[in-house]
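User: I'd like to learn how to read a model like this one, feature by feature. Could you walk me through it?

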Amino acid sequence: MAVSLRKGQKVELTKGNPSLKKILIGLGWDTNKYDGGSDFDLDAAAFLLAGNGKVTSDDDFVFYNNLKHKGGSVEHMGDNLTGAGEGDDEEIKIDLEKVPANIEKIDFTVTIYDADARKQTFGQVSNAYIRVVDDTTQQELIRYDLGEDFSVETAVVVGEIYRHNGEWKFNAIGSGWSGGLAALGRNYGVNV
Amino acid sequence: MELRKGQKIALNENLLKIIFERNSGALDIDMAAFLLQSTGKVKGDEDFVFYGNPRHISGSVTHCNDDSVEIDLTKIPRHVEKISITATIYEADERKQNFSKISGAVLRLKDFYGTEIATFAPERFTVETAIVLGEIYRYKGAWKFNATGAGYKGGLAALCNDFGIEVSDEMTAPPPPPPQKTYSNNQKFEQPKKIELRKGQRVNLIKRGSTLGEIVINLNWKRPPQNSGFFGQFLNRGIDLDLACLYELKDGRAGAVQALGNLFGSLTNAPYIALDGDDRTGESEGGENLRINGKFVNKIQRILIFTFIYEGAANWEEAQGVVTVKCPGSPELIVRMDEYGSENKTCAIALLENVGETFSVEKIVRFYHDSKEMDEDFDWGLRWTVGRK
């Protein structure tokens, strides 16, 4: 049975669970049925961050155009253009032991592609969640449902995994911003 | 960190959320931001960010809702030296309200991750109807925050005046509708319980509390007599009217809420309009209902209420359709579909338009061959395809 988290809650991932080596981050959402003339395309991404909260190089931004981090520690399983269907809409796999030592945390974000031109916001997105699955046993460990807090936002920092005393922890963030992927990228030090 | 009034802190973040938490009671409070030059005035009206102009063209300041404002410090234009974050009471004078009525007021500054950077509890106010909660200002090439907490009388209009915004009537209050069609709160005569609209007549819904409340639009029509025997049931089935609407939101999004295509809408998310389940049998006494969440009136530009006959002949006279618009605090508005003889199966019944903080309701009752033709007449601009339910 997965642990269900509230916004801002932090939980242990590897502590007490030493066999956990590979995790799968599943992100899902539903969009408003009426498309308003444009399709909804939501994109998940991972930012690999050093101790200063920034990326070290553009390669540390793993998304639909850079699916695999060098060394293979983080792999984006590909872009789902419609968000249709049951289950995860996009998935990111992480091999915790391969994460480079200078990476202190990995943030997971979901952004609406071309949101301004298509006049789309997270106000039209429902049932968004992030879940962490043990990729070896396929057991769901953690689930965080984002709720209905959003209105004008076009980008959401959904959650992150971070190092703490030699172990990995998960933080349920759910912080939304209206400046799209570009605003998040600037904050992480990536030119998007 | 808890700030005292007048305390200043450096801002090390690029992205900030400023949240004004309070127990408002019956007060309708909204936040706004003024992007000011070194003169203390705005450069132009576009530098006033509020519910009617929710995002500054630079993307630096965004009005998220009535209790939060988002700031992207990297996007602030060069001409801006200071951003004043304000809270005002809507129609404070008319309603004889002021900030003495709120409690638990706290301003929260949150960072990129939603973590609190600082909080500021403004002192208790008395007669004030507007507060400058805080200011973000340039200091030696960086940005700082000042916990201002200064109260003013005169509401949003006074602040606008101070900051160099010309206040038009539309900005602070809905434009006054023609007198014979108005039913204000402090009228001397008894408010009628029901008003039957004439074709082309427009009245405004009355905003009583802090929001409009739930607006229910009911369509009812005549059922065939129940005692007409076994064969009568087949011969005289009456007609089935489907209630639906087209909507256009302030941000330009548009669409339809109708049973066809299962577009039942949502009250909590856009379009803030929802259709109760379709009563296809015509058995239900109550007819069909569309609901509008009055809390989000600011997000909605206009709504066209229409009906169509999915199956059967266009016998409008037999149906004697009646639409009733119910809104807490307003008289019921009755729109009778009292024109008959049209072979067309789609009828635009009433148009709701945003006139500030409320809707005007206009009787239309005009017939169309299909939704597409109606859409074109009202310039809605949706893509129509044939649907089934």
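Analyst: Happy to. Chain B comes to six helices and 26 strands, and chain A has two helices and 12 strands. Keep in mind that this is a predicted model.

User: In what order do the elements of chain A run from the N terminus on?

Analyst: Reading along chain A, the order is β-β-β-β-β-β-β-β-α-β-β-β-β-α.

User: What percentage of the residues of each chain count as buried?

Analyst: In chain B, 40% of the 389 residues count as buried; in chain A, 48% of the 192 residues do. Among contacts with a separation of 6 or more, residues 24 or more positions apart account for 66% in chain B and 67% in chain A.

User: How do I read a sheet, and which strands are at the edges in chain A?

Analyst: Start with the strand order, then look at the pairing sense. Chain A has an open sheet of six strands in the order 2-12-11-8-4-5, with antiparallel pairing. Strand 2 (10-12) and strand 5 (61-62) of chain A are the edge strands, each pairing on one side only. Inside that order, strand 11 (residues 155-164) and strand 12 (residues 167-177) of chain A pair in the antiparallel sense over nine bridges. As one example, His164(A) stands opposite Glu167(A) of strand 12.

User: Which strands of this sheet does helix 2 of chain A touch?

Analyst: Helix 2 (residues 180-188) of chain A packs on the sheet and touches strand 4, strand 8 (105-112), strand 11 and strand 12 of chain A. The direction of this helix makes about 30° with that of strand 11 of chain A.

User: And what pairing does the sheet with the order 1-10-9-3-7-6 in chain B have?

Analyst: That open sheet of six strands in chain B has mixed pairing. Its edge strands are strand 1 (2-3) and strand 6 of chain B. Strand 1 and strand 10 (residues 116-120) of chain B pair in the parallel sense over two bridges, and Leu3(B) has Phe120(B) as its bridge partner.

User: What should I know about nonpolar cores?

Analyst: In soluble globular proteins, nonpolar side chains tend to be buried together. Here the largest nonpolar core has 57 residues, and those with the most contacts inside it are Ile25(A), Ala46(A), Ile106(A) and Val158(A). Strand 4 (residues 42-49) of chain A gives the most to this core, with seven residues. Take Ala46(A): beyond its neighbours within four places in sequence, its contacts are Val62(A), Val74(A), His76(A), Ile92(A), Ile106(A) and Phe108(A). A second, separate core of 53 residues includes Leu243(B), Leu246(B), Val257(B) and Leu352(B).

User: Which residues in helix 2 of chain B are buried?

Analyst: In helix 2 (residues 155-163) of chain B, the buried residues are Gly155(B), Leu156(B), Leu159(B) and Cys160(B). Seen down the helix axis, they fall within an arc of 155°, so they line one face of the helix. Gly164(B) follows this helix, with a positive phi near 85°.

User: Finally, how many residues does each chain give to the contact between them?

Analyst: The contact takes 26 residues from chain B and 23 residues from chain A. On the chain B side, strand 6 (61-65), strand 7 (68-72) and strand 18 (254-257) are the elements that give two or more residues. By class, that side has nine nonpolar, 11 polar and six charged residues.

Conventions. Residues numbered from 1 in each chain as written. Chains lettered and ligands numbered in written order. Predicted model: local features only at pLDDT ≥ 70, side-chain atom pairs only at ≥ 80, totals over all residues. Buried ≥ 20, exposed ≤ 12 C-beta atoms within 10 Å, placed from the backbone. Helix = DSSP H or I, 4+ residues; strand = E, 2+ residues; numbered from the N terminus. Arc of directions from axis to C-beta. Contact = placed C-beta atoms within 7 Å. Nonpolar A, V, L, I, M, F, W, Y, C, P; charged D, E, K, R; others polar. Core = buried A, V, L, I, M, F, W, Y, C linked by C-beta atoms within 7 Å. Pairing = 2+ DSSP bridges. Axes fitted to C-alpha atoms, helices over the stretch in contact; angles between N-to-C directions.
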